Amino acid sequence: ILSSILSATVAAIVMMFLIEDNSSFGTGETVAQGGGNKKVGGGSVRTGGGGGKTEIEEGRPGEDGNGGPQIESVAYVDADLLSQPGGFRDCPVCPVMIKVDAGHVVMGSPPLEPDRRANEGPQKRISFARSFTVSRYEILIKEFQAFVDETGYQPSSSCIANGQERDDLNWLNPGFDQPTADRPVVCITRQNAKDYANWLTRKTERDYRLLSESEWEYVARAGTTTPYWLGAKITADQARFAPGEVGTSRAGRYKANNFKLFDVAGNVWEMTADCWIDDLENMSAFGSPSMPAGICATQPVRGGGWDARADQLRSAYRRELPHNKAFNTVGLRIARDLK
């Protein structure tokens, strides 16, 4: 009996030290670090060998042939981290990730929404059958810097500012002051963004990628149906947009949305994994990226940036840009799949 009590006490003490606060932005919420094993509530849990990997068997909607729920085995990596209120990092230089539960969104804007554009319709219900994780902040300079430092990667050597492509501008010198590295990286192409995500995948053995356009709207709306996730209007004390200060603001300066994500409206436009399509008619109903046959010359970017008008920060607003060009107003947010 004494041996059992001692073992339980030691295990409890070890558990207390598995989670550490690594938040850089003073959110007051715990940011967990990857690497440990811990049992979490909900479902049947079994721990795999090595790597801090945990598997959870979760119930999924469906039928088992007898009219009952279908049970599907889903292997979650570091499942104990997913419940942390401030998010988690898979490595010390990795972005902070937040779990987003499965659900659905009515994508696009209703016909009578003020400032609505034709490419925001027709409205379409998009369903997401599985949970996934999303970076809590737009990818930061210091996070992209870690990628460049470790690999010697050479991002785009030119950048478009005010409609003009300039060889003297790049991600370290975007044409405006960046006094701290906790601001979103800009002046990178979509290929640069994909290469960053692939580096994270190799580094952590987790699957990182760009969000699809419909995933972006799902996490940006965060359960809301109003023009902005904040409501019917948006003000300068709620997001960075024009006509305000030139350049980006630090991560976490403005209020997070209901999914605990910062700057889904304003600061920088965010790339997506899709090719541009002119309306939502042929958008996948299950959240996958739109990839029409042929050459993908342009991409949709979402959310509005520091250069954008207020109406361009609406959750349904879509903008088309070349995918192979870098802009000092465009950055990225990334997703990580759960396995």
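1. Let's start with Thr-248. At 2% relative accessibility, this residue counts as buried, a word that here means under 20% relative accessible area, with exposed meaning over 50% and partly exposed in between (1.4 Å probe, protein chains only). Thr-248 sits in the loop between helix 4 (213–221) and strand 13 (269–271); helices (H or I, at least four residues) and strands (E, at least two) are DSSP runs, numbered from the N terminus. Which residues does Thr-248 touch, not counting those up to four places away in sequence? They are Phe-176, Arg-183, Pro-184, Val-186, Arg-240, Asn-267, Val-268 and Trp-306, where a contact means heavy atoms within 4.5 Å.

2. A word on where the numbers come from. This is a predicted model, in which local features need pLDDT of at least 70 and side-chain atom pairs count only at pLDDT 80 or more, while totals for chains, interfaces and linings use all residues. Residues are numbered from 1 along each chain as its sequence is written, and side-chain values use heavy atoms, with hydrogens and water left out.

3. Now find Gln-299, in strand 14 (residues 298–302). Gln-299 is buried too, with a relative accessible area of 2%. Leaving aside neighbours within four places in sequence, Gln-299 is in contact with Arg-190, Met-271, Thr-272, Asp-274, Trp-276, Arg-319, Glu-320, Leu-321, Pro-322 and His-323.

4. Next, the protein as a whole. It has four helices and 17 strands. Of its 339 residues, 51% count as buried. Among contacts between residues at least 6 apart in sequence, 69% join residues at least 24 apart. The accessible surface comes to about 15,400 Å², and 51% of that belongs to carbon and sulfur atoms; such areas come from the Shrake-Rupley method with a 1.4 Å probe, and for residues only the protein chains shown count as cover.

5. What about the inside? The largest nonpolar core has 71 residues, and Tyr-196 and Leu-332 have the most contacts inside it. Such a core is a set of buried Ala, Val, Leu, Ile, Met, Phe, Trp, Tyr and Cys residues joined through side-chain atoms within 4.5 Å. Not counting residues up to four places away in sequence, Tyr-196 touches Pro-95, Ile-139, Glu-143, Phe-144, Phe-147, Leu-332 and Ile-334. A second, separate core of seven residues includes Val-31, Val-96, Tyr-137 and Ala-256.

6. Helix 2 (residues 141–151) is worth a look. Its buried residues are Ile-141, Glu-143, Phe-144, Ala-146, Phe-147 and Val-148, and what covers them includes helix 3 (190–204). After helix 2 comes Gly-152, whose phi is positive, near 75°.

7. Please check the pockets as well. On a 1 Å grid over the protein atoms alone, a pocket is an open set of points with protein on both sides within 12 Å along at least five of seven lines, a cavity is a set of points where a 1.4 Å probe fits but cannot get out, and lining residues have an atom within 4 Å of a point. Grid points are joined across faces, edges and corners, and a volume is the space filled by probe spheres set on the points. The largest pocket has a volume of about 280 Å³. Its lining has 17 residues, of which Phe-128, Arg-209, Glu-215, Phe-286 and Gly-287 lie nearest its centre. Strand 8 (124–128) and strand 12 (208–210) are the elements that give two or more residues to this lining.

8. The second largest pocket holds about 190 Å³ of space. It is lined by 14 residues, and Val-105, Val-106, Arg-221, Thr-224 and Thr-225 lie nearest its centre. Strand 7 (103–107) and helix 4 each supply at least two lining residues, and the largest share, three residues, comes from strand 7.

9. Finally, how many cavities of 30 Å³ or more does the structure hold? There are two. The largest has a volume of about 50 Å³, and among the residues that line it are Trp-229, Leu-230, Tyr-254, Phe-262 and Val-264. The second largest cavity, of about 40 Å³, is lined by Trp-216, Ala-220, Tyr-228, Trp-229, Val-264, Ala-265, Leu-313, Arg-314 and Ser-315.
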